Amino acid sequence: MKIIEDALKRGAKALSEHESKLFLAEQGIPVTRETVVTTEDEAVAAAAAIGYPVVLKGSGEALSHKTELNLIALDMRDEADVRTAFKGFVSRTDVEVKEVLVQQMVKGDRELVIGLTRDDQFGPCVMFGLGGIFTEILEDISFRVAPLERIDAMEMMDDIRGKKILGPVRRKPAVDRDVLADILIALGQIGLDNEKIKEIDINPLKIVDGKPIAVDALVVLDN
Amino acid sequence: MSCVEAEKAEAGVFERIFYPRRIAVVGVSPNGMGFGSGMLAALRAIGFEGTIYAVNPRGGEFFGMKLYKSIGEIPTPIDFAVIAVRAAIVPEMLEACREKGAAGAEILSSGFSETGTAEGIALEREIRECAQRGMRIIGPNCFGIYCPGSGLTLLPGPELSRTSGPVGFLSQSGGMSIDFAHLGKWMGVKFSKVISFGNGADLREAELLRYMGDDAETDVITMYVEGVEDGEEFFDTLRDVTAEKPVIVYKGGLSDAGNRAVLSHTASMGGSARIWKSVLTQCNAVQVHDLNEMAQASLAFSCLPGKVYRGISVAGGGGALGVSACDSAEQFGFELPPLEKGISDRIMEILPKPGSSAGNPIDVANPMVPPEVLKQTLLYAAEDSRVDIQILVQLLYHYKSVALGLGVESVKDVTPYGALADAVHDVVTTTGKPVILVLPNNKRDRESLDIEDMMREARDIFLEKGIPVFDDLTDALRAVSHVSNYYETKQRRQQGI
């Protein structure tokens, strides 16, 4: 909870991607391995520690739309890739990039979205649905009011039109629904326990060998 | 008081509210039809079972009834009061009723919080304070309570049915309560209690829902809500009650607040319409989208055994039944299993030819197949183990041409709906599988009012035998799907994941 308190103190409206994931990991939600660096050499060392390939992302709370800002370098396969990408980010003149996030590259075979919002009448509500770019295009999502019972978590997965995405698809194993249910329940509990958290997006939540992992995350604060 | 004693006392209070022996109608104008006089006239017309005391400060008479000058002047204690005076003096009248021993009161008057004025809000607070001193309040700004058993009725409800039934209705809107009460009367929805609670100064959605959940007279709860006072309490109550009884919810004013200031996609997509829908799903409430759907669902829940229905047989003739039946069934998640060979062969032996077919849907070839043949068809079809429920579509209006051909004046004289009702009733009793009647009337021109009359009589006769009737196949299928989905979810949750 220290992450939240610190961010509130410094007047932040949201946690950075990295802080968001540190917080979510504390709550038992699986996230990517990643490190924030400020120099090129640190970036190279971090990439080696995480293991190639990696992703580099411009980091900082002002940078919540990294894709649109072209601040994501995917599939960096070696030291040269990392150095080039790092230099590219910090030399940008349109946005100021002071920190860079070096992150485990998760291929995954499916993209889901989960999130948290607060309803004026019913309080914290958990969202589940199709992730990545399809979240906005299809809006194939479902909600449940927190706290979620296990059956709520299971039923909300079946509520979306594209629920077959959870089954075995194209020789990939079915999504581990129990783990996914744990995550949905945990997200609801975060909403109940932290009044200062207004909204959460975890998008994409990728599926690797049937297990979900949060690849990008945004925690919005009531500040 | 112990918990059990408190509950008993509470039940006693509600008993005195819904089945009052003595009531006061406060605000009866001897000339003209205000809310008070309208309600008094309605109570007398419907045949309220108890004693009515009418109150007007000027005294006098109302159609031969003495008007008491004050509540204090009423010679006996009262159980319940109808308040229809101007807003400013409502708190004073309420207090007098409480002193007269009233367990509750309904306030028809408006001019309270709904006006948004400081005065209105202050008056409503006074009402709440009076309630806290020991009286339960319905309203203000409502149409009151309709209880067929006691003869309490809505404003303006002099002609509502006195036949009680399993459906309870809670409504924030007075107009919706009177509309549903009238609609129910001809559609066959019978009520235990209808409560229009208006502003809900004291009793409102969550507590009334809890009451209906506990009420032995109510098996099916329906409600119209626009907003709730306490989301968490409503949610918990709704979830508890649906574990016992079906709750059909018509949520008015569903819209997504488009331009809320939010940063995440989750929040931007989680507008109130989506959240409401989720709440109703999560609580296993039956969500309906208009008054007709609510009434149709109520009818289905009232008449059908509570269980999951998957396989349907549809039989009828003389219309474009086949494709539309299949499409509608699929839309609502039902199957129309092709009947087993042996069964369909036996059905073909008895149906008129040519033009008939006995797959599923069963085309009986024409709308004038005699009731005994339809009966045998339904008996055979029910033998198929995949058929859980049967729907018979009858285009009775075609008998008009028979009447014209025979030179008979009224279509009633040639339409065998009485025999058909007996036949269908026998099928249900014999097979244990429910049958639903769909009676479309496509001939509604003014020259055919005798058809309308015949259809209404036919409907009543079927309903008397407990057979639900719908105007339209899609309506019927949707209503059955509500029943089926409710019980499926209920069973799944009881069994665990």
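Student: What ipTM does the predictor give the complex?
Tutor: This is a predicted model. Chain B averages a pLDDT of 93, and 96% of its residues score at least 70. For the complex, the pTM is 0.93 and the ipTM is 0.90.

Student: Which element gives the most to the side of chain B that touches chain A?
Tutor: On chain B, 21 residues are in contact with 29 residues of chain A. The elements giving two or more residues to that side of chain B are α7 (231-242), α8 (265-269) and α9 (272-282) of chain B. With 7 residues, the element that gives the most is α9(B).

Student: How many charged residues has the side of chain B that touches chain A?
Tutor: Sort that side by class. Nonpolar residues number 9, and polar residues number 9. The charged residues number 3.

Student: Which strands are the edge strands of the open sheet in chain A?
Tutor: The sheet has 4 strands, with antiparallel pairing, in the order β1-β4-β2-β3 (chain A). An edge strand pairs on one side only. That leaves β1 (34-37) and β3 (72-76) of chain A.

Student: Which residue in β3(A) is the bridge partner of A:Leu56?
Tutor: Strand β2 (residues 54-59) of chain A pairs with β3(A) in the antiparallel sense, over 3 bridges. The partner of A:Leu56 is A:Ala73.

Student: What angle does the direction of helix α4 of chain A make with that of β2(A)?
Tutor: Helix α4 (residues 79-90) of chain A packs on the sheet. There it touches β2, β3 and β4 (99-104) of chain A. Its direction and that of β2(A) make about 15°.

Technical notes: Residues are numbered from 1 along each chain as its sequence is written. Chains are lettered from A and ligands numbered from 1 in the order in which they are written. This is a predicted model: local features need pLDDT of at least 70, side-chain atom pairs count only at pLDDT 80 or more; totals for chains, interfaces and linings use all residues. pLDDT is the predictor's confidence in each residue, from 0 to 100. Two residues are in contact if their C-beta atoms, placed from the backbone, lie within 7 Å. Ala, Val, Leu, Ile, Met, Phe, Trp, Tyr, Cys and Pro count as nonpolar, Asp, Glu, Lys and Arg as charged, and the others, Gly among them, as polar. Two strands pair if DSSP finds at least two bridges between them. Axes are lines fitted to C-alpha atoms, for helices over the stretch in contact, and angles run from 0 to 180 degrees between N-to-C directions.
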